[in-house]
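Trainee: Could we go through this protein together, step by step? I would like to learn how to read such a model.

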Amino acid sequence: MFDAVASAQEIVEPLRETISESETSRRLSDRAVALLHESGATRLMSPARYGGYEYSPRALVEAERVMGEISATLRARAAAGVISPVFVFEPTLANTATIIA
């Protein structure tokens with residue numbers, strides 16, 4: 001079973017290394033976004049049929065709390081829901097659109 005808090009804790013140090021770039025540009029760096037995606041943080045509440053974990057909002061808040069402790073930029077993005085699941089239409093199949101997280 002996926003552990004949202006443990007996964008968040010694993011990327012705290014790598015995220016810490018992206019703080020300077022993120023705060024200078026006033027947006028999450030590409031590396032920070034990649035770390036969040038690779039850790040599974042962007043799929044916490046997504047439906048399983050779309051590759052998500054179908055976790056409760058509480059799991060998302062706990063993971064965001066862990067990551068948000070290291071940076072004001074991450075805290076602001078978490079509060080704005082940026083770390084939360086984002087669904088995007090990806091028209092990859094002929095007459096079909098799939099939702100990805």
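Mentor: We will start with the overall picture and then look at single helices and residues.

Trainee: What kind of model is this, and how are residues numbered?
Mentor: This is a predicted model, in which local features need pLDDT of at least 70 and side-chain atom pairs count only at pLDDT 80 or more, while totals for chains, interfaces and linings use all residues. Residues are numbered from 1 along each chain as its sequence is written, and side-chain values use heavy atoms, with hydrogens and water left out.

Trainee: What is the mean pLDDT of the protein?
Mentor: The mean pLDDT is 76, and 70% of the residues reach 70 or more; pLDDT is the predictor's confidence in each residue, from 0 to 100. Over residues 84-101 the pLDDT is below 50, and beyond near neighbours in sequence this stretch has 31 contacts in the model, a contact being heavy atoms within 4.5 Å.

Trainee: How many helices and strands are there?
Mentor: The protein has 6 helices and 2 strands, and along the sequence they follow the pattern α-α-α-α-α-α-β-β. Helices (H or I, at least four residues) and strands (E, at least two) are DSSP runs, numbered from the N terminus.

Trainee: And what percentage of the residues is buried?
Mentor: Of the 101 residues, 39% count as buried, where buried means under 20% relative accessible area, exposed means over 50%, and partly exposed lies in between (1.4 Å probe, protein chains only).

Trainee: Which residues touch the most other members of the largest nonpolar core?
Mentor: In that core of 19 residues, they are Leu-15, Leu-36, Leu-44, Ala-63 and Met-67. The elements that give two or more residues to this core are helix H1 (4-10), helix H2 (12-16), H4 and helix H5 (57-68), and the largest share, 5 residues, comes from H5. A nonpolar core is a set of buried Ala, Val, Leu, Ile, Met, Phe, Trp, Tyr and Cys residues joined through side-chain atoms within 4.5 Å. In soluble globular proteins, nonpolar side chains tend to be buried together.

Trainee: What does Ala-63 touch?
Mentor: Leaving out residues up to four places away in sequence, Ala-63 touches Ala-4, Val-5, Ala-8 and Leu-44.

Trainee: Let's switch to H4. Which of its residues are buried?
Mentor: They are Ala-32, Leu-35, Leu-36 and Ser-39. Seen down the axis of H4, these buried residues fall within an arc of 95°, so they line one face of the helix; the arc is that of the directions from the helix axis to the C-beta atoms. An α-helix has 3.6 residues a turn, so residues three or four places apart point the same way.

Trainee: What do the buried residues of H4 pack against, and what is on the face turned away?
Mentor: The buried residues of H4 pack against H1, H2, helix H3 (19-25) and H5, whereas the face turned away from the buried side carries the exposed residues Asp-30 and Glu-38.

Trainee: Why does Ser-39 count as buried?
Mentor: Ser-39, which lies in helix H4 (residues 30-39), counts as buried because its relative accessibility is 9%. Not counting residues up to four places away in sequence, Ser-39 touches Phe-2, Ser-7 and Ile-11. A polar atom of its side chain also lies 3.3 Å from the backbone nitrogen of Ala-41.

Trainee: What about Arg-65, where is that?
Mentor: Arg-65 is in helix H5 and is partly exposed, with a relative accessible area of 41%. The side chains of Arg-65 and Glu-62 are joined by a polar contact of 3.1 Å. A polar contact is a pair of N or O atoms within 3.5 Å; within protein, one must be able to donate a hydrogen and the other to accept it, and residues adjacent in sequence count only if both atoms are side-chain atoms.

Trainee: Last topic, phi: which value does Arg-26 take?
Mentor: Phi of Arg-26 is near 60°, a positive value in a residue other than glycine. Most residues other than glycine have a negative phi. Arg-26 lies in the loop between H3 and H4 and is exposed, with a relative accessible area of 70%. Glu-54, found in the loop between H4 and H5, has a positive phi near 55° and counts as exposed at 51% relative accessibility.

Trainee: And which phi does Gly-40 take?
Mentor: Just after H4, Gly-40 takes a positive phi of about 95°.
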